[in-house]
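Subject: Structure handover

Hello,

Here is the structure for you to take over. Please open it first, then read the notes below.

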Amino acid sequence: MQTQLADFIRDTPEGREAEEILRKCVHCGFCTATCPTYQLLGDELDGPRGRIYLIKQVLEGAAPTEKTRLHLDRCLTCRSCESTCPSGVHYSRLLDIGRAVVAERVPRHGGEALVRRTLREFVPRPKLFGLAMGAGRAVRGLLPKSLQDKVPTLRPAGTWPAPRHARRVIALAGCAQPAMAPSINAAAARVLDALGISMVELPGAGCCGAVRFHLDDAEGARADARRNIDAWWPDIEAGRIEAIVMTASGCGVQVRDYGHLLQHDPVYAERARRVSELTRDIAELVLAEGDALRARLGARAQPREPLAWHAPCTLQHGQRIRGTVESLLTAAGYELTPVRDAHLCCGSAGTYSILQPELSGRLRANKLDALLEGGAARIASANIGCITHLQAGTDKPVLHWIELIDSRLGPAS
Ligand code: SF4
Ligand code: SF4
């Protein structure tokens, strides 16, 4: 695609990156067919090709409007279009650049600005979020359904094994997950412990930065990244850990991007690159210990159970990890039911379910139909956002897959 970027951006790092991305797009439209918002709304401007055009126009000097912003806001950043694109167009990067320019030129006002500011300040603070979650659980029955949906029932975390192995990994606790589902990281720690790896969380680390990044606050996201790097760096520098483990694929995709996010930071660029390099989804780590896992599982009778697997977009499109969790669940005795349109987003998408509730609700209803039509009694996923969002729409239990593996391994020996 030929581009003539305007003076305000042409010679900036963002301008050069945008130009490179735009040049790759051949306008074929293959991506449109796999875009969830295009499927729902049927408007070219609510699909990737249309959004690419809108961003191109803005970067070439056209004045964005509230309508431009709305079409960009409706994008889930699910990156299904990137998986489909035969030309390797890095759409999400272009979207980040386009959204930042539009947010500056078409500022938000009133309730919309307030909601975004509140989310930016509240969600990434684990203590504050934990207090609110505790209070929400205490009065859950009195809350409106929309808020009840955000307050999942607490599953007991169980014990977290004390570090005892020479092999050691750091886990990101994150911001929302410790309060919403502490059982996930505890289960991951038990599974890794059984495989000969100790998993620890380090004080000082917190939100990965994704919440702020996707709410027009790239600088806040960089501050979150620097804080996490500071918390992890002594262990990385001393060679005490072999990986940084993510149990929420939404955080994983963000931390893997630290190298890019801080590439122009003279102090943090190299550290950020190293952190990205060390980052692994828990599925990658467990798969690498596949023999040990199979040996542990083989020692126990494993009744087959039909299970529906929902691959989060941040796992299958963002990190391109496909088939890994599926193979682990199958090895553990779960029979994965067929799920149609498995590439489509469930509508959670970070804070999308709060900011775009109508579209998000329609996507969830479609996703649950697809997940449950194969007769599964439970659903597994890999991201706290998807798990909470799906659970709010069904009585069938929705769990993190590592909790299912943990339950099959049983108590440590
Ligand atoms: S599939 Fe790729 S090249 Fe084709 S229109 Fe979409 S982004 Fe552009
Ligand atoms: S990221 Fe998802 S919602 Fe956004 S344009 Fe691509 S496919 Fe559509």
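Predicted model: local features only at pLDDT ≥ 70, side-chain atom pairs only at ≥ 80, totals over all residues.

**Ligand 1**

The residues around ligand 1 include a run from Cys25 to Cys31: Cys25, Val26, His27, Cys28, Gly29, Phe30 and Cys31. Ile52 is also part of this shell. By class, nine of the shell residues are nonpolar and three are polar. Charged residues are absent from the shell around ligand 1.

**Ligand 2**

Ligand 2 has its own place, in the second largest cavity. There are 13 residues around ligand 2. Which of them come nearest? They are Cys35, Arg51, Cys75, Cys78 and Cys81. Three helices each supply at least two residues of this shell: helix 3 (36–41), helix 4 (48–59) and helix 6 (80–84). The shell around ligand 2 holds eight nonpolar and three polar residues. Here there are also two charged residues, whereas the shell around ligand 1 has no charged residues.

**The nonpolar core**

Next, the core. The largest nonpolar core has 89 residues. Five of its residues touch the most other members: Trp232, Tyr258, Val286, Leu329 and Trp401. Which helix gives the most to this core? Helix 14 (residues 218–237) does, with seven residues. Two domains take part, each with at least three residues: domain 2 (126–285) and domain 3 (300–409).

**Two residues with positive phi**

Two backbone angles deserve a look. Most residues other than glycine have a negative phi. Thr77 is not a glycine, yet its phi is positive, about 55°. Thr77 lies in the loop between helix 5 (66–73) and helix 6. Is Thr77 buried or exposed? Buried means under 20% relative accessible area. Thr77 has 19% relative accessibility, so Thr77 counts as buried.

Asp341 also is not a glycine and has a positive phi, of about 50°. You will find Asp341 in the loop between strand 6 (334–336) and helix 22 (352–355). How does Asp341 count by accessibility? Asp341 is at 38% relative accessibility, so Asp341 counts as partly exposed.

Over to you.

Best wishes

Note on methods:
Residues numbered from 1 in each chain as written. Chains lettered and ligands numbered in written order. Heavy atoms only, no water. Near = heavy atom within 4 Å. Nonpolar A, V, L, I, M, F, W, Y, C, P; charged D, E, K, R; others polar. Core = buried A, V, L, I, M, F, W, Y, C linked by side-chain atoms within 4.5 Å. Buried < 20%, exposed > 50% of the residue type's maximum accessible area, 1.4 Å probe, protein only. Helix = DSSP H or I, 4+ residues; strand = E, 2+ residues; numbered from the N terminus. Domains from an automatic or database assignment. 1 Å grid on protein atoms, 1.4 Å probe; cavity = no way out; pocket = protein on both sides within 12 Å on 5 of 7 lines; lining within 4 Å. Sits in = over half its atoms within 2 Å of the grid points.
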